[in-house]
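The paragraphs below are meant to be read beside it, one region at a time.

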Amino acid sequence: MIVLETHRLVLRRLEERDAEFVFTLVNDPAWLQFIGDKGVRTRDDARAYLRNGPLAMYAQHGHGLYCVELKASGEAIGMCGLIKRDTLPDVDLGYAFLPQARGGGYAYEAASATMTYARETLNMQRVLAIVSPGNASSIALLEKLGFRFEKSLRLPPKEDQETLLYAIGD
C-alpha cells in the first residue's frame with residue numbers, strides 16, 4: 001500500500017516480503033551503531049521484526065515505518081516513518097537508509113514528505129525525533145527539517161546510553 005510519493009521516491013507500508021531488505025538494513029554497521037542491535041540474525045527474525053514492529057504499529061496506530069523505494073526502479077533503499085513508542089509522549093520520526101542510498105538527499109526527501117503527511121493528513125501538532133549524540137548527519141537532517149534540540153535522556157533498553165531528543169511543533 002503506497003502511503004506517499006515524492007519526485008524520486010515511493011513510501012509504502014512494509015510487508016513480510018520485505019524480510020530480505022529488512023535483514024540487510026538492520027544489520028548495517030550504521031544501524032547497529034546509531035539505532036541498536038534488534039537481534040535480527042535470520043530471515044525468519046526479520047519477518048518477526050516486521051510483524052511485531054511496523055505491521056503491529058499500522059494495526060494499532062494507522063502509521064509506522066514505511067519502505068522507501070526508488071520510483072524509477074522499485075529498489076528498496078531505506079525506511080522512514082512515524083513511530084509511537086511507549087517511552088515517548090508523542091510520535092517520533094524515524095529513518096534509516098542503506099549505505100548506497102546515503103548522501104543523495106533521499107533521507108531529506110522522504111523525511112520531509114513524512115513530516116508533511118504527519119501535519120496535513122494525520123493532523124499531528126508535534127513530532128519528536130531521537131538520535132544518538134555521535135550521529136552528526138542525522139542531527140543535521142533533523143535541524144534542516146526544523147527540529148530543535150530539547151534535552152538528553154536515557155531510554156530503555158539502552159538506559160546506559162544518552163539519547164538526544166529533538167522536537168518540532170507545539
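The model shown here is a predicted one. The protein chain contains five helices and eight strands, and when these are read along the sequence they follow the pattern β-β-α-α-α-β-β-β-α-β-α-β-β. The radius of gyration of the protein chain is 15 Å, close to the 15 Å that the globule rule gives for 170 residues, so the chain is as compact as a globular protein of that length. Along its principal axes, the C-alpha trace spans about 35 × 35 × 35 Å. Buried residues make up 48% of the 170 residues in the chain, and, among the contacts with a separation of 6 or more, 57% are accounted for by residues 24 or more positions apart.

Even so, H3 bends by about 35° at Leu50, and a proline, Pro54, follows within four residues. Both Leu50 and Pro54 belong to the buried residues of H3, together with Ala46, Tyr49, Met57 and Tyr58. What do these buried residues pack against? Their partners are strand E2 (9–13), helix H1 (19–26), helix H2 (29–34), strand E3 (65–70) and strand E4 (76–83). The two ends of the helix can be examined as well: at the start of H3, a side-chain oxygen of Thr42 reaches to within 3.3 Å of the backbone nitrogen of Asp44, while just after H3, Gly62 takes a positive phi of about 85°.

Strand E2, one of the elements against which the buried residues of H3 pack, is mostly covered, with four of its five residues buried. E2 pairs in the antiparallel sense with strand E1 (residues 2–5) over three bridges, and a hairpin of three residues joins E1 to E2. In this pairing, Leu4 stands opposite Leu11 in E2. E2 also pairs with E3 in the antiparallel sense, here over five bridges, and Val10 has Glu69 in E3 as its bridge partner.

Two single residues, taken from other parts of the chain, complete the tour. Leu98 lies in the loop between strand E5 (92–97) and helix H4 (106–120). Is Leu98 buried or exposed? Its relative accessible area is 7%, and a residue counts as buried when that value is under 20%, so Leu98 is buried. Not counting residues up to four places away in sequence, Leu98 touches Phe21, Thr24, Leu25, Ala76 and Ile77. The C-alpha atoms of Leu98 and Leu9, which are 89 residues apart along the chain, are separated by 14 Å.

With a relative accessible area of 12%, Thr163 is buried. Leaving aside its neighbours within four places in sequence, Thr163 is in contact with Ile130, Val131, Lys151, Ser152, Leu153 and Leu155.

Technical notes
Residues numbered from 1 in each chain as written. Predicted model: local features only at pLDDT ≥ 70, side-chain atom pairs only at ≥ 80, totals over all residues. Heavy atoms only, no water. Bend = angle between axes of the 7 residues up to and from the residue. Buried < 20%, exposed > 50% of the residue type's maximum accessible area, 1.4 Å probe, protein only. Contact = heavy atoms within 4.5 Å. Polar contact = N/O pair within 3.5 Å; in protein donor to acceptor, adjacent residues only side chain to side chain. Pairing = 2+ DSSP bridges. Rg over C-alpha atoms; globule rule 2.2 N^0.38 Å.
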